[in-house]
Amino acid sequence: MALRLVEFVVAGNEASDLLPVRSPAVLRAHHARRGFWTVLDEGPVERCLALLLEREDGEWVAQHVAADAGVENGRTEDGEALAHHDGGVYVFGSHFGSKAGPLRPRRAFVARFREDDAATGTLPVHVVRNRFRLHRAVNDALAAAPLTPLPPGDRVRHRFIVETLARGTARAKSWVSRLTEDDLPLNVEAAAFTPTGTVLLGLRFPVTAEGEPILVELAGVAGMFAADPAWPQAVGAYALTGVTPPGALTGFRAIAPTADGGYAAVIGSIDALGKGSVLLDDHPQGGAVTSRHVRFRLDVTPDARVAGKVVADLAPFHHVEGLAELAGRCWYVTDEDHRVALWSD
């Protein structure tokens, strides 16, 4: 596939995910005919929101968005996934840790803002740090599903789970009750709301024992933002079949709803090569995997499988972080050192 490139520099940072701007007010405010949200992955969420905009004269520009998370300013990191729901934009943290562990509570968050509010002034962002409640809900869903997750390996289990428990216990953190030594570390990389209001979380890790990417469906995410929060409940966990190369491990990198009621997604490596990943130390077959653009419908079989179809092999890219199918074109954003790279077909 031949792709065209638009390059940006946005606070010297790297992009995660790609979400079309739906708000006419935001486009008017920036004299743009179209645009995308992205989230930068180095720093707290309120400092990491950006717009990639095509101005009315055809020029592409990047706009770092000034935002305020109130009392939660500076208390999050590693925003990874963006999704639209009911006039709002949701930002999901990775719920993971550094590449050598342990899990980091600052990454266990969901944020929300009204898209129209980005048209004027500083953008208010509502952040909810869930203190591993989503970790617990997702792990319980994986345990209950008729799927066999790939065992994490001794180093992964020790670095991400055992060390997290030890640190939390030493600091008398209440969230240690939400982790067990048998848990799987989660790396949330993708999200999309369904028409019924549930959200599909695409996991980069864990994957199934067959190497297939896993979706977890959650209900009640909006309830986290109520004055008296109600925490999400897992509906189910599903494996996406038919899209992983033989002998490889692939996880989700992005998910987006499509106009026909289905979903487009990017799958790829379970972690980045050459950056000290203990995941790849234990599972090297999950590293040298190029990205693939796939589609699926949420038709879940009794054994918790969802059939997928490969749309395009995005080789030689290993690091596609977001996609959008907009106005008959496919758009991708890649994770590049110190730049944001937007590609279109």
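How many nonpolar, polar and charged residues are in the lining of the largest pocket? The first view takes up this question, and every view here shows a predicted model.

**View 1. The largest pocket and its lining.**
By class, 3 nonpolar, 10 polar and 17 charged residues make up the lining of the largest pocket. The volume of this pocket is about 630 Å³. A total of 30 residues line the largest pocket, and those closest to its centre are Asp41, Lys99, Ala272, Lys275 and Asp335. To find your way around, look for strand S12 (187-193) and strand S21 (329-336), each of which supplies at least two residues of the lining.

**View 2. The second largest pocket.**
Here we move to the second largest pocket, which holds about 540 Å³ of space. Of the 30 residues that line the second largest pocket, Arg22, His84, Ala256, Pro257 and Thr258 are the closest to its centre. Several strands give two or more residues to this lining, among them strand S2 (15-20), S7, strand S16 (251-257) and strand S17 (263-268). S12 and strand S20 (320-326) also give two or more residues to the lining of the second largest pocket. By class, the lining of the second largest pocket divides into 18 nonpolar, 6 polar and 6 charged residues.

**View 3. An open sheet of 4 strands.**
Follow the strands in the order S7-S8-S9-S11 and you will have walked across an open sheet with antiparallel pairing. Its edge strands are strand S7 (79-85) and strand S11 (126-129), and each of them pairs on one side only. From one strand to the next, the twist averages 20°. What holds strands like these side by side? Strands of a sheet pair through backbone hydrogen bonds, either parallel or antiparallel. For a closer look, go to strand S9 (residues 109-114), which is joined to S11 by 4 bridges, the two strands running antiparallel.

**View 4. Trp60 and Trp331, a tilted pair.**
The model has 10 aromatic pairs in its count. In the pair shown here, the ring centres of Trp60 and Trp331 are 5.5 Å apart and the ring planes meet at 55°, so the pair is tilted. This pair links distant parts of the chain, with Trp60 in strand S5 (residues 60-64) and Trp331 in strand S21, 271 residues apart. Are these two residues buried or exposed? Trp60 counts as buried because its relative accessibility is 17%, under the 20% cut-off. Trp331 is buried too, with a relative accessible area of 3%. Ring pairs also bring in Phe36, linking Phe36, Trp60 and Trp331 into a cluster.

**View 5. Phe96 and Phe160, a stacked pair.**
Phe96 and Phe160 form a stacked aromatic pair, with 4.7 Å from centre to centre and 15° between the planes. Phe96 sits in the loop between strand S8 (88-93) and S9, while Phe160 belongs to helix H3 (residues 154-170), 64 residues apart. Phe96 counts as buried at 4% relative accessibility, and Phe160 is buried with a relative accessible area of 0%.

**View 6. His64 in strand S5.**
Our last stop is His64, which lies in strand S5. With a relative accessible area of 35%, His64 is partly exposed. How far apart are the C-alpha atoms of His64 and Cys48? They are separated by 7.6 Å, although His64 and Cys48 are 16 residues apart along the chain.

Note on methods
Residues are numbered from 1 along each chain as its sequence is written. This is a predicted model: local features need pLDDT of at least 70, side-chain atom pairs count only at pLDDT 80 or more; totals for chains, interfaces and linings use all residues. Side-chain values use heavy atoms; hydrogens and water are left out. Two strands pair if DSSP finds at least two bridges between them. Axes are lines fitted to C-alpha atoms, for helices over the stretch in contact, and angles run from 0 to 180 degrees between N-to-C directions. On a 1 Å grid over the protein atoms alone, a cavity is a set of points where a 1.4 Å probe fits but cannot get out, and a pocket is an open set with protein on both sides within 12 Å along at least five of seven lines; lining residues have an atom within 4 Å of a point. Grid points are joined across faces, edges and corners, and a volume is the space filled by probe spheres set on the points. Ala, Val, Leu, Ile, Met, Phe, Trp, Tyr, Cys and Pro count as nonpolar, Asp, Glu, Lys and Arg as charged, and the others, Gly among them, as polar. Rings of Phe, Tyr and Trp (its six-membered ring) pair if their centres lie within 6.5 Å; planes under 30 degrees apart count as stacked, over 60 as edge-to-face and the rest as tilted. Buried means under 20% relative accessible area, exposed over 50%, partly exposed in between (1.4 Å probe, protein chains only).
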